[in-house]
There are 2 protein chains.
Amino acid sequence: MKEKQVEQDIMNAAVKVFVEKGKDGARMQEIADAAGVNKMLLHYYFKDKDTLFLEVLKKIVADLYDDVFSEDLAGLPFKEFLYVFIDRHFDFLNKKKAAFQFLLWELSRNRAVLKDVVAESYIDPDTNPFGIISARLDEAAAKGEIRRVGHADFIMNLFSLDLFMFIALPVIREIYPMDDEKLATVIKQRKAEVFRLLWNDIKKDCV
Amino acid sequence: MKEKQVEQDIMNAAVKVFVEKGKDGARMQEIADAAGVNKMLLHYYFKDKDTLFLEVLKKIVADLYDDVFSEDLAGLPFKEFLYVFIDRHFDFLNKKKAAFQFLLWELSRNRAVLKDVVAESYIDPDTNPFGIISARLDEAAAKGEIRRVGHADFIMNLFSLDLFMFIALPVIREIYPMDDEKLATVIKQRKAEVFRLLWNDIKKDCV
DNA sequence: GTCTATAATTCGATAGAC
DNA sequence: GTCTATCGAATTATAGAC
């Protein structure tokens with residue numbers, strides 16, 4: 001364990017600096033400083049900047065949806081499942097918003113890396129959001145809790161409504177200044193609004 | 001006019017290269033090549049890279065919502081207005097998706113520039129989407145075409161649903177490969193889905 | 001206004017001692 | 001494994017001729 005400590009310190013610092021500055025804006029020296037190690041060690045452990053960057057991307061993708069879901073959502077009716085999912089998703093995205101923006105930016109700019117990252121990210125349908133939500137939609141429709149809806153449409157709607165605000169947040173906050181307390185209120189309101197919109201759309205009554 | 005030709009060539013090339021590569025990834029030489037001029041002229045007309053970058057940001061923001069709206073939407077009932085707006089907005093975003101992603105990325109990373117750009121962008125409520133939609137919502141609610149809804153919520157829902165797919169598109173296309181024809185079909189379907197979702201939510205009957 | 005040539009700097013990467 | 005010292009490439013910016 002101990003012998004990997006430096007390597008992990010570098011990786012953690014690299015994630016931080018790359019996410020903050022982007023690939024081209026990140027400096028090896030700054031990563032070394034953030035990790036508290038000599039710059040040379042970055043090359044010792046990770047060969048060069050490109051390699052380190054790729055490892056950082058893979059780590060970020062691997063950690064993306066680590067802890068949004070847990071087993072305690074398993075037994076819930078779809079309405080409660082959706083409510084809890086949106087609640088957790090917002091909190092989760094609020095923590096990881098910088099990482100999401102970083103991924104969408106860097107992966108859009110480097111098809112080769114994108115391909116590599118996607119290929120290596122094994123998507124387990126039992127633990128990733130897409131698979132879980134799809135299964136839940138089918139199950140709930142079969143039980144008559146909701147009407148039948150296209151998985152792709154519903155998931156795209158949900159993720160658009162959950163994610164977009166956080167990606168645009170720095171710009172939004174410049175136009176409509178909010179302190180952290182106000183932001184927390186806005187997030188709470190958005191959770192309720194998104195749930196209301198989506199649930200009204202799929203619940204059975206009133207078609 | 002003629003004497004400004006070189007300056008405009010440089011500006012157009014700079015927009016292209018900055019949007020494609022980001023500020024840190026863009027090279028003055030590449031911009032010069034794209035403009036077909038000597039690299040020195042970039043400094044002659046725009047002093048340095050920072051200045052050119054700032055001018056590029058301002059131009060992109062100024063051109064953002066140039067031609068989505070025209071007067072022929074003025075007389076439409078809200079339902080048709082919404083339908084046409086979403087239709088045009090999607091087409092517009094599809095063209096400018098790279099510019100949107102660039103803005104959200106760069107402005108998030110540079111608060112000082114963000115402040116500068118926002119301060120200089122005069123928002124005319126009669127021609128920008130936010131002002132127009134707000135006025136339309138009030139008008140339609142007063143006429144009884146739709147129920148009363150919060151402007152901020154509705155606009156955030158609309159822009160989330162319109163924009164997010166395009167920001168995530170490179171990643172989506174890697175996971176679900178689509179040729180251009182397939183993409184056009186998907187966009188068409190998303191237009192219909194977004195309209196359906198939003199209209200069902202605000203129409204009067206069935207609350 | 002435009003060009004060539006080059007200065008000045010930053011940064012990734014490596015050599016080699018310990 | 002870690003450090004110091006330094007190389008060499010890339011890149012922005014400028015000096016000065018035309």
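**Close-up views of a protein–DNA model**

**View 1. The surface near DNA strand D.** α3 of chain A, with α2 (28-35) and α3 of chain B, each supply at least two residues of the surface near DNA strand D. Helices are DSSP runs (H or I, at least four residues), numbered from the N terminus. The model is predicted: local features need pLDDT of at least 70, side-chain atom pairs count only at pLDDT 80 or more, and totals for chains, interfaces and linings use all residues. Residues are numbered from 1 along each chain as its sequence is written, with chains lettered from A and ligands numbered from 1 in the order in which they are written. α3(A) gives the most, three residues.

**View 2. The surface near DNA strand C.** Here α3(B) gives the most, three residues.

View 3. A rotation of 180° with 0.0 Å of shift along its axis places chain B on chain A (RMSD 0.1 Å). That is the relation of a two-fold axis. Superposition is by least squares on the C-alpha atoms of residues with pLDDT of at least 70 in both copies.

**View 4. Contacts of A:A14.** A:A14 touches A:I31, A:L52 and A:V56, leaving out residues up to four places away in sequence. Contact means C-beta atoms, placed from the backbone, within 7 Å.

How values were computed: Contact = placed C-beta atoms within 7 Å.
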